Amino acid sequence: MEVRINKAWFYAVLAFAVFGTQNSVMMVPPLLVEVATYLEISVAVAGQMATATFAAWAVAVLTVGPLSDSFGRRPVALTGMALTLTSVVASAFAPNIETLLALRFLTGFGGGTLPPNAVGALSDVISPARRAQAVSGMLVINGVAAAVSAPLAALLADAGNILLDGSGGWRIAFLAGGLLLATAFTASWVWFPRERRDRVRNWEFLSRYRELISRRYFRVAVPVGISQRIAYWSMTSFFAAYLINTYSLDVGFAALPLGIVASAQVVGSYCAAFVATSRSRAVLLAGVSVAGGALGLVSFGFPLGLWTTVAVAMVSSGLLSVPIPALVAISTEYSGESKATGASLMGLSNQSGGMFGAGISGVILASSGYAGIGYLLLAASVLSAALTGLFGRQFGEVAGRT
């Protein structure tokens with residue numbers, strides 16, 4: 001028997017849970033300089049917190065899709081949120097970078113369970129005609145988290161420095177992130193729907209992935225997503241540190257330009273729904289990727305002044321935010337009864353891109369400075385566009401047809 005739910009209320013609870021999880025990732029970049037100073041390490045080393053998070057997230061998304069499709073959305077959601085909550089709160093008390101790296105790995109593993117599970121949950125209750133809009137709308141939360149979390153974390157760290165007499169304010173930001181996750185976990189525990197009792201409880205892992213990988217869309221969309229997200233996460237992971245170090249900003253003031261740049265990600269994620277349902281979606285995906293990478297090079301590689309840099313980075317960030325939400329929405333057309341598994345594959349490309357982007361950018365920053373990150377943005381974006389050309393040749397059918 002199918003469980004009846006209030007779809008609007010369920011969507012709100014799910015969005016809040018996704019926001020809390022994404023906040024645990026997006027809050028870290030503006031804290032890198034503070035963490036590096038407090039722990040007496042370099043920014044490049046502190047930036048490897050992002051690498052640890054994305055590596056664990058990539059592992060999680062590989063398993064969560066089949067788990068969710070086989071055993072249910074609710075237990076997967078609650079377990080992942082509990083692990084993320086615990087690790088974020090513990091991060092506030094970490095004594096050294098080694099502990100922080102381990103806790104960020106746990107944060108990534110717990111957080112990686114939410115997005116694919118959310119796509120699967122939405123696909124269960126939203127009609128196919130409205131699915132692309134619903135999924136893209138949920139992924140807009142990533143942009144909202146970037147727009148809100150990074151500036152708020154910077155402000156909390158600044159206030160925490162005052163409260164703690166000059167240092168360690170980043171710990172307050174982690175505690176606030178834990179409080180947000182605790183609230184989201186409570187709401188999900190109360191209102192996340194319990195599924196029908198007659199669900200078949202078997203974990204079809206390899207068979208689900210084998211079926212999806214046999215489809216041409218996923219064989220091409222995954223490498224497209226990885227290359228594109230190398231560019232996106234390279235910018236997201238180090239742009240805050242770039243502004244703070246290049247223009248001698250304090251962490252509190254940095255909240256304003258970070259909020260401006262991140263607000264464009266909301267627009268980009270929202271526009272992904274229109275790209276996903278367009279007849280020219282392959283061309284649009286390639287175009288926004290190259291344009292975003294080129295502007296990323298300009299923002300990191302040329303001395304434009306603070307506000308011109310912010311303006312250019314804002315456009316770059318918005319363009320780079322379009323492809324992955326669009327690819328995830330399109331994936332629901334090809335994933336049949338394994339929609340969470342399909343979202344996991346696309347999540348793997350997202351987090352793999354984040355892991356490689358943060359790791360490679362850290363090495364480039366240590367060896368050649370911030371300008372090198374700009375060239376990485378452009379190279380990854382051009383590669384993504386070239387692979388998208390292959391995507392366009394293989395999938396020329398009318399958008400939205402399953």
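Good morning. A residue is called buried here when its relative accessible area is under 20%, exposed when that area is over 50%, and partly exposed in between. The structure before you is a predicted model.

With that definition in hand, let us begin with helix α7. The buried residues of this helix are Leu114, Pro116, Asn117, Ala118, Val119, Gly120, Ala121, Leu122, Ser123 and Val125. Because 10 of its 12 residues are buried, α7 is largely enclosed by the rest of the structure.

Helix α9 runs through residues 170–191, 22 residues in total, and its first and last C-alpha atoms are 32 Å apart, close to the expected 32 Å. Among the buried residues of α9 are Trp170, Phe174, Gly177, Gly178, Leu181, Ala184 and Ser188.

I turn now to the nonpolar cores. Which residues touch the most other members of the largest core? They are Leu31 and Phe239, in a core of 81 residues. The element that gives the most to this core is helix α11, residues 216–246, with 12 residues. Leaving aside residues up to four places away in sequence, Phe239 touches Leu258, Val261, Phe300, Thr309 and Ala313. Apart from this core lies another, of 27 residues, and Val119, Val220, Ala276 and Ile330 are among them. Val119 has already been named, as one of the buried residues of α7.

How many cavities of 30 Å³ or more does the model have? The count comes to five.

The largest cavity holds about 190 Å³ of space. Its lining consists of 20 residues, and those nearest its centre are Pro115, Leu139, Asn142, Gly347 and Asn350. Several helices meet around this cavity: α1, α4, α7, α8, α11, α15 and α16 each supply at least two residues of the lining. Of the contributing elements, α16 gives the most, with five residues. By class, the lining divides into 14 nonpolar, five polar and one charged.

The second largest cavity has a volume of about 150 Å³. Ala150, Thr236, Leu258, Ala262 and Gln265 lie nearest its centre, within a lining of 14 residues. Here α8, α11 and α12 each supply at least two lining residues. The lining has 11 nonpolar residues, three polar and no charged. Leu258 links this part of the talk to the previous one, for Leu258 is also among the residues that Phe239 touches.

The elements that give two or more residues to its lining are α1, residues 7–26, α7, residues 114–125, and α8, residues 128–163. The lining has 10 residues, with Lys7, Tyr11, Ile126, Arg130 and Ala134 nearest the centre of the pocket. Six of the lining residues are nonpolar, two are polar and two are charged.

Helix α8 also carries Gln133. Is Gln133 buried, partly exposed or exposed? Its relative accessibility is 41%, so Gln133 counts as partly exposed. Gln133 touches Ala273 and Thr277, residues up to four places away in sequence not being counted. From Gln133 to Ala272 there are 139 residues in sequence, yet their C-alpha atoms are 8.8 Å apart in space.

Finally, I would draw attention to two loop residues. Most residues other than glycine have a negative phi. Glu40, in the loop between α2 and α3, has a positive phi, near 60°. Ser248, in the loop between α11 and α12, likewise has a positive phi, of about 50°. Where do these two stand in terms of accessibility? Glu40 is exposed, because its relative accessible area is 73%. Ser248 is exposed too, with a relative accessible area of 65%.

To close, I return to the helix with which we began: α7 is largely enclosed by the rest of the structure, and α7 supplies at least two residues to the lining of the largest cavity. Thank you for your attention.

Note on methods:
Residues numbered from 1 in each chain as written. Predicted model: local features only at pLDDT ≥ 70, side-chain atom pairs only at ≥ 80, totals over all residues. Heavy atoms only, no water. 1 Å grid on protein atoms, 1.4 Å probe; cavity = no way out; pocket = protein on both sides within 12 Å on 5 of 7 lines; lining within 4 Å. Helix = DSSP H or I, 4+ residues; strand = E, 2+ residues; numbered from the N terminus. Nonpolar A, V, L, I, M, F, W, Y, C, P; charged D, E, K, R; others polar. Expected span 1.5 Å × (residues − 1). Buried < 20%, exposed > 50% of the residue type's maximum accessible area, 1.4 Å probe, protein only. Core = buried A, V, L, I, M, F, W, Y, C linked by side-chain atoms within 4.5 Å. Contact = heavy atoms within 4.5 Å. Points joined across faces, edges and corners; volume = space filled by probe spheres on them.
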